Amino acid sequence: MTKLCPKISMCGLAAFVLAAATAPAASTLDEVFSEGKVSLASRLRYEYGDQPGVNDSTAFTFRNRLGFTSGKFNGWSFMIEGENVHAFDPDAYNQAGLNPGGAGQVVIADVEGTEVNQAFLAYAGESVSGKLGRQRIVVDNVRFIGDVGWRQDQQTYDAFTVSGSPTPELKLTYGYLWQINRIFGDARDWESDSHFLSAGYKVGSGTLAGYAYLLDFDNAAANSSATYGASYNGTVKIDDTTSILYRLEAATQSDYGNSPFDYTATYYVGELGAKFGKVTAKIGYEVLGAGNGQGFKTPLATLHAFNGFADLFLGTPGTGLEDFYVSVGGPIVGVNVTAFYHDFSAESGGADYGSEIDLVVAKKFAQRFTAIAKFASFESDGFARDTDRFSVELNFAY
């Protein structure tokens, strides 16, 4: 199946080139390229990880993505993008177990490598759009399908996706995924026979959404699952400076496809927030349940965005996970600062896992540059190890 992916992508691009070549005027093909756009996304990052019982890690890495997106011809276009991740001292940290020299050190999952990050054929009409090939996919709030944007190597998908809006209030999205290009390089990509469907309808001050994620992986069968759920989230404007934010969501999950397990688990979250001018505060309670020893699975999510920046809950424990969290953020002397507090416990059995404090500071300047610093400190109460992480990075986007 992995060999099929580039063939399908190249067939799609070949079809586009053939269509452009048969256009009535040669200038049409010229415009496809002359109206195209070159993109560059660079990130220089230093990240430090500390855990008792293992050696500290220091990852100094540089990530570059260079791409070209063509102009449109009758709604059709194509995009191709390459990505390189370079580590200045590859063995100063554990690259998720992929570098022998990093053994015995804290894991920082920024793996060196060069790859084709995206290569797809796209169509955009008045009410329907779609992509065929290797692409970035972000669904809703990335709790189930995302691009893992925090890590240097982006997660992309060899897929066919299509979105449509039969009415202004309704949006439908379907995707078929035949390969998951994960953040660990080609050696750990997943072969897939997966489908997802989401529908969002604007109701009142928010959006009511329903979804189905039918995930089946040939070489990662333990992560295969079927998830069905619904959410309602939105914003209620009180006045020109004050708004109320809310999100309610629930889902059920069971084994699917190649899964070797027999389980059913539930998921639900409630979040309430308020925005006062430029300051936003939130309080939430998220539960990832468990069944028959299997925790609720979200293997394609942008996991770093949930359950703490220390990344200790990238997989749900077999006794489930409850996360009570609060956050507050806003500008301080021109710099955006957001602080988080998490209290973690088991969904079944009542065990305390620990607590975590996170801090992120960000500043955009000179139009194309963004500097970000992050700090995470997890204090264990019998789960995993105490963990401290710190990072500082400079991003450039063109």
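A residue counts as buried when its relative accessible area is under 20%, as exposed when that area is over 50%, and as partly exposed in between, with a 1.4 Å probe and protein chains only. At 0% relative accessibility, Arg45 therefore counts as buried. The structure is a predicted model, in which local features need pLDDT of at least 70 and side-chain atom pairs count only at pLDDT 80 or more, while totals for chains, interfaces and linings use all residues. Residues are numbered from 1 along each chain as its sequence is written, and side-chain values use heavy atoms, with hydrogens and water left out.

## Salt bridges

Side chains of opposite charge can pair when their charged atoms come close. With a salt bridge taken as a side-chain nitrogen of Lys or Arg within 4 Å of a carboxyl oxygen of Asp or Glu, a search of the whole structure finds 15 salt bridges. Three of them are set out here.

| Salt bridge | Closest N and O atoms |
|---|---|
| Arg45 and Asp110 | 3.3 Å |
| Arg151 and Asp311 | 3.9 Å |

Helices (H or I, at least four residues) and strands (E, at least two) are DSSP runs, numbered from the N terminus. Arg45 forms its salt bridge with Asp110; because Arg45 lies in strand β1 and Asp110 in the loop between β3 and β4 (113-124), this pair ties together parts that are 65 residues apart in sequence. Asp110 counts as buried, at 1% relative accessibility.

Through shared partners, salt bridges join Arg43, Arg45, Glu47, Asp110, Arg151, Asp311, Arg389 and Glu393 into one network.

## Aromatic rings

A pair of aromatic rings is described by the distance of the centres and the angle of the planes. Rings of Phe, Tyr and Trp (its six-membered ring) pair if their centres lie within 6.5 Å, and planes under 30 degrees apart count as stacked, over 60 as edge-to-face and the rest as tilted. The whole structure holds 24 aromatic pairs. In one of these, Phe33 and Phe78 are edge-to-face, at 5.9 Å centre to centre and with 65 degrees between the planes; as Phe33 lies in helix α2 (residues 26-34) and Phe78 in strand β3 (residues 76-87), the pair ties together parts that are 45 residues apart in sequence. Phe33 counts as partly exposed at 44% relative accessibility, whereas Phe78 counts as buried at 11%. Elsewhere, one aromatic cluster is formed by Phe144, Phe196, Tyr211, Tyr213, Tyr267 and Phe296.

## Neighbouring strands

Two strands pair if DSSP finds at least two bridges between them. Strand β11 (residues 242-254) and strand β12 (residues 264-276) run antiparallel and are joined by 13 bridges, with Thr264 in β12 as the bridge partner of Ser254. Ten bridges join β12 to strand β13 (residues 279-288), and these strands also run antiparallel; here the bridge partner of Gly270 is Tyr285 in β13. The strands β12 and β13 form a hairpin with two residues between them, and Gly277 in the turn has a positive phi of about 65 degrees.

Most residues other than glycine have a negative phi, and most peptide bonds are trans. Val148 has a positive phi of about 50 degrees although it is not a glycine; Val148 is placed in the loop between β5 and β6 and is buried, with a relative accessible area of 11%. Gln367, likewise not a glycine, has a positive phi of about 70 degrees; Gln367 lies in the loop between β18 and β19 and counts as exposed at 72% relative accessibility.
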